[in-house]
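Student: Could we go through this structure together, by question and answer?

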Amino acid sequence: MTTLTLSRALNEGLRKALEANDKALIMGEDVGKLGGVFRVTDGLQKDFGEARVIDTPLAESGIIGTAIGLALRGYRPICEIQFDGFIFPAFDQIVSQLAKMRYRSRGSVALPIVVRVPFGGGIGAVEHHSESPEALFAHTPGLRVVACGDPADAYTMIQQAASSDDPVLFFEPKRRYWDKAEVDTEGGLAAALPMDKARVLADGTDVTVLCYGPMVRTCVEAAVAAAGDGRSVEVIDLRSLAPLDTETIFASVRKTGRCIVVHEAVVTGGLGAEIAAQVSQECFYSLEAPVLRVGAYTTPYPPSRLEEYYLPDLDRILDAVDRSFGY
Amino acid sequence: MAVKDAGRAARPGKRATDDGPPAREPDGRADSPELIQLLTPEGERVEHPDYPLEISAEEVKALYRDLVIVRRIDFEAIALQRQGELGIWASLLGQEAAQIGSGRALTPRDMAFPTYREHGVAWCRGLDPVKLLELYRGVSHGGWDPTAHNFHLYTIVIGSQTLHATGYAMGIQRDGAVGGDDGEAAIAYFGDGATSQGDVNEAFIWASVNNAPIVFFCQNNQWAISEPLERQTRTPLYQRAKGFGFPGVRVDGNDVLACLAVTRKAMQAAREGQGPTLIEAFTYRMGAHTTTDDPTRYRLSAELEAWKLKDPIERVKQYLIRTEQAEMSFFDEIEAEAAAVGSRVRVACQRMPDPEPVSMFEHVLTAETAQLAAERTGFAAYLDSFEAEEATR
């Protein structure tokens with residue numbers, strides 16, 4: 001076991017991925033000499049060379065488009081989109097090409113491409129640097145969408161994503177990059193929880209709280225606080241947003257009878273809405289209260305001096321727990 | 001380079017002002033001095049110092065055969081659309097020479113990335129034309145294996161494939177397959193409209209800074225649906241390459257020999273590690289954009305009539321007759337063969353079954369997700385419920 005920040009854990013995982021397969025490549029803006037603006041790729045170009053860790057021109061559509069071409073040639077690109085809000089120039093290549101190539105080719109073409117996206121707010125950034133666009137990709141058939149919430153998952157999930165033959169949108173909670181935790185870098189991936197499975201982080205009996213990415217730590221803290229009020233909160237880190245591990249979700253909600261979905265993204269049309277619909281349909285007779293959502297308001301991301309009001313926090317989660325018990 | 005006066009002002013003659021419409025066809029005359037031509041519209045063989053072409057009578061006849069057959073396939077496809085057998089068709093009429101000339105310049109190891117109109121290139125790569133009809137009939141999105149003929153799937157979003165081709169070329173570099181006698185290269189096909197797309201310009205940048213082994217083959221057919229070339233550019237398209245740092249050439253796109261020679265040279269340069277080339281094949285879309293389009297709404301028939309005089313097939317025929325390299329019986333044989341190919345394609349299209357409804361759930365991801373399995377099962381049960389209802393009536 002080693003104590004690593006989430007950023008460093010990703011770095012170690014990427015190193016393992018590059019070692020495991022010599023077709024694996026890293027490409028993006030500033031990923032080489034600089035090591036990425038969050039240092040996630042620090043030192044990798046030095047050790048694996050410029051042909052495998054590629055500083056690209058500054059054009060996101062080009063990053064994904066050329067990654068597709070490299071994959072068609074047998075490579076396995078791991079792309080970095082520098083910030084969530086910069087993914088949109090690449091949106092067409094992701095949605096119209098990356099997601100659909102397997103389907104279009106009736107299975108003859110695989111595109112094993114990872115698109116790493118630092119996402120979410122809470123770092124006092126300027127506009128376009130704090131967004132949570134994951135639902136747009138979860139809505140797109142043909143993509144796997146995952147989010148890591150802690151250093152241990154970051155380390156294993158990035159390797160699992162790199163070894164997947166499907167395109168993976170890999171969301172990294174940027175405000176948690178410097179969170180530290182114990183990471184087992186010696187054990188292999190065999191014992192690791194598969195990338196498309198949710199993880200129960202805290203057992204509880206009264207209410208299920210579903211979360212991912214940056215909200216994982218917040219929800220665990222909320223569960224501890226709720227326990228002080230005598231409420232037993234089950235916290236589940238979804239990890240995979242497409243596909244959803246509905247088996248784990250439904251089992252928990254059938255047990256607790258209450259469900260709250262927490263994410264930084266805007267609630268309207270978000271993952272919470274999808275989960276609420278599915279839980280309502282599959283767990284209808286177990287529910288003691290409607291599924292509640294805690295997320296951002298339906299506005300563009302506000303100036304950073306307001307983000308503490310905009311983003312879900314411990315108090316808003318506890319408030320939702322209270323409301324859930326009010327039915 | 002054959003670009004004799006690339007340094008002169010891009011727009012000779014009347015210069016458009018910001019508040020007025022640009023003049024028609026900026027430097028786009030087919031007889032402009034920079035146009036590379038080896039066979040005139042009258043079928044006269046001319047030499048170009050930069051593109052010497054040694055070609056036997058048999059090779060020219062083979063090109064003629066290709067041209068006639070792909071035009072026939074196109075003709076059949078248009079008819080099939082009119083008969084309701086195809087949902088839509090994008091005709092290549094008029095662009096046969098650009099596609100056959102460039103397509104025959106490729107080696108089997110080169111990789112071609114088409115748009116949705118490259119039926120002639122598909123023919124050169126050995127793809128069964130019936131696969132193209134599958135797409136336009138609506139029974140598949142293409143569905144062929146790109147590695148089978150080193151011919152990528154048709155790409156419908158304009159310009160997207162230029163980035164794929166560039167990335168593929170970067171892969172060729174990483175495989176060490178550049179330089180030497182067995183080098184490989186990629187070729188990206190696109191049209192004049194696509195040159196306005198960001199992806200195409202990003203592909204130019206990527207290819208340039210990586211010195212990637214790729215040829216950008218732009219078929220400038222003068223029209224992007226209803227929009228003429230001057231809505232896309234104020235400079236000749238081939239001259240754009242200069243700004244990106246690699247050579248650009250304009251070739252007579254209705255001259256199969258010139259397209260062959262120019263593409264061969266550019267592909268060889270790419271394979272040898274000399275980086276990208278932009279080829280602007282100056283041609284004309286003689287038909288509609290697709291079978292849903294009505295060109296009489298936006299262009300004059302006189303323009304079409306003028307281009308008919310530059311027909312890509314007729315000039316090869318005239319050349320073969322003029323030089324007595326082919327008997328008249330040769331042309332009859334080719335016509336008969338083309339008719340047979342057309343007939344085979346037509347019958348195959350008419351007999352093409354619709355896919356099984358449940359097949360729409362296949363190939364979304366490598367493994368079917370639980371959610372998709374549930375949707376598929378539910379859909380199948382729903383379909384079966386109608387059959388059960390029928391049975392009880």
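Predicted model: local features only at pLDDT ≥ 70, side-chain atom pairs only at ≥ 80, totals over all residues.

Tutor: Residues are numbered from 1 along each chain as its sequence is written, and chains are lettered from A and ligands numbered from 1 in the order in which they are written.

Student: Which element gives the largest share of the side of chain A that touches chain B?

Tutor: Counting two residues as in contact if their C-beta atoms, placed from the backbone, lie within 7 Å, the contact takes 34 residues from chain A and 32 residues from chain B. Helices are DSSP runs (H or I, at least four residues) and strands likewise (E, at least two), numbered from the N terminus, and those of chain A that give two or more residues here are α3 (60–72), α4 (91–98) and α5 (101–104). The largest share, nine residues, comes from α3(A).

Student: How far apart are the end C-alpha atoms of helix α7 of chain B?

Tutor: The expected span of a helix is 1.5 Å times one less than its number of residues. Helix α7 of chain B (residues 198–210) has 13 residues, so it should span 18 Å, and this agrees with the separation of its end C-alpha atoms, 18 Å.

Student: Which element of chain A do the buried residues of α7(B) pack against?

Tutor: A residue is buried if 20 or more other C-beta atoms, placed from the backbone, lie within 10 Å of its own, and the buried residues of α7(B) include V200(B), F204(B) and W206(B). The buried residues of α7(B) pack against α6 (160–174), β3 (186–191), β4 (214–220) and α8 (240–244) of chain B, together with an element of chain A, α3.

Note on methods: Buried ≥ 20, exposed ≤ 12 C-beta atoms within 10 Å, placed from the backbone.
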